[in-house]
Amino acid sequence: MTTLSDEAQLHAFEARIARGDKVEPGDWMPDRYRQQLTRLIQQHANSELMGALPEGQWIPYAPGFKRKMALIAKVQDEVGHAQLLYMAAETLGKPRVEMIEELINGTSKYSNVFNYPCETWADIAMVGWLIDGAAIVNQTIMQTGSYGPYGRALKRITYEEAFHLKQGYDLVVTLATGTRAQRDMCQEAFNRWWWPTMMFFGPPDRQSVHTEVLQRWGVKPKTNDEQRQIWLQKFVPKIEELGLDIPDKGLHRDPDTGDYVITQPDWDEFFRVINGDGPMNRERLALRRLIYEEGSWLRTALEKRDLLPRAA
Ligand SMILES: [Fe+2]
Ligand SMILES: [Fe+2]
């Protein structure tokens with residue numbers, strides 16, 4: 001009886017998704033849908049929060065007042081994105097404090113790209129252009145997904161990402177059309193960020209364990225390879241226009257489909273990095289942990305605010 005009822009609910013749930021309805025927090029949903037969405041939104045929130053660190057560390061060194069203002073605004077936006085996404089994940093029943101603790105104790109993942117060093121100002125340009133550009137591809141697709149609170153949060157976030165992309169592109173154009181030293185710095189940073197960007201969308205579809213069911217339930221409307229292809233179609237012409245040299249010497253277009261075909265990046269490196277063993281994982285998590293510990297006085301104050309005397 002229970003099994004039949006579960007099946008009927010699953011059937012109704014899948015029919016709703018097929019119609020394009022949004023799933024809302026109080027609605028019935030399969031446990032697996034709840035778990036996968038929680039995992040996905042939590043990792044996304046973690047990535048926004050961790051992504052603020054390398055750029056935040058460059059704020060004191062930004063070349064000039066306007067660049068500094070734009071970078072401060074961007075970093076603030078990214079932390080705001082984390083806030084919105086943790087709230088969206090909380091609607092699925094997982095408390096935020098648990099998610100933050102999983103992040104700082106290393107049991108919850110975040111994007112590979114935030115575990116690489118930003119050696120020069122040109123790395124900040126590349127993050128703003130290539131990575132925010134990749135985030136926009138991903139988020140524009142994910143906002144059409146079936147879970148209402150996640151889609152709505154992403155819609156708002158994507159507006160701000162569009163500004164980040166513009167500031168990143170403006171930085172890259174300035175360097176790529178600047179002095180010889182600036183152009184060299186730009187090319188070197190581009191070489192460092194090409195492969196991590198290729199890995200950003202995740203392993204090829206044939207290796208991805210989650211994609212099939214996530215697609216059927218409208219959690220992930222396009223696959224990793226499809227998202228990577230959209231990015232390539234958008235970015236490769238612009239990279240060529242700027243005269244940057246792409247480090248993948250095997251990159252070419254399929255003569256029949258027009259799709260870009262890439263040399264596969266080192267996926268072992270990708271798995272090492274997302275599992276905590278990248279060049280900057282320890283340092284970045286240690287900084288996040290320090291920030292969390294230093295903020296404990298505020299959490300305590302908020303917990304005890306009801307004990308404070310009220311103004312007359
Ligand atoms: Fe963001
Ligand atoms: Fe961004």
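This report walks through the overall fold of the protein and then its largest nonpolar core.

## About the model

This is a predicted model, in which local features need pLDDT of at least 70, side-chain atom pairs count only at pLDDT 80 or more, and totals for chains, interfaces and linings use all residues. Residues are numbered from 1 along each chain as its sequence is written, while chains are lettered from A and ligands numbered from 1 in the order in which they are written.

## Overall fold

You will find twelve helices and two strands here, taken as DSSP runs numbered from the N terminus (helices: H or I, at least four residues; strands: E, at least two). From the N terminus, their order is α-α-α-α-α-α-α-α-α-β-β-α-α-α. The radius of gyration (over C-alpha atoms) is 21 Å, close to the 20 Å of the globule rule for 312 residues, so the protein is as compact as a globular protein of that length. That rule is 2.2 Å times the number of residues to the power 0.38.

The C-alpha trace spans about 70 × 65 × 35 Å along its principal axes. Of contacts (C-beta atoms, placed from the backbone, within 7 Å) between residues at least 6 apart in sequence, 74% join residues at least 24 apart.

## The largest nonpolar core

Buried residues (20 or more other C-beta atoms within 10 Å of their own, with C-beta atoms placed from the backbone) make up 34% of the 312 residues. A nonpolar core joins buried Ala, Val, Leu, Ile, Met, Phe, Trp, Tyr and Cys residues through C-beta atoms within 7 Å.

The largest such core has 63 residues, and Ala125 and Met126 touch the most other members. Elements giving two or more residues to this core include α2 (31–58), α6 (148–176) and α5 (121–142); α5 gives the most, with twelve. Leaving aside residues up to four places away in sequence, Ala125 touches Gly168, Leu171, Val172, Leu175 and Ala189.

Terms used: Buried ≥ 20, exposed ≤ 12 C-beta atoms within 10 Å, placed from the backbone. Contact = placed C-beta atoms within 7 Å.
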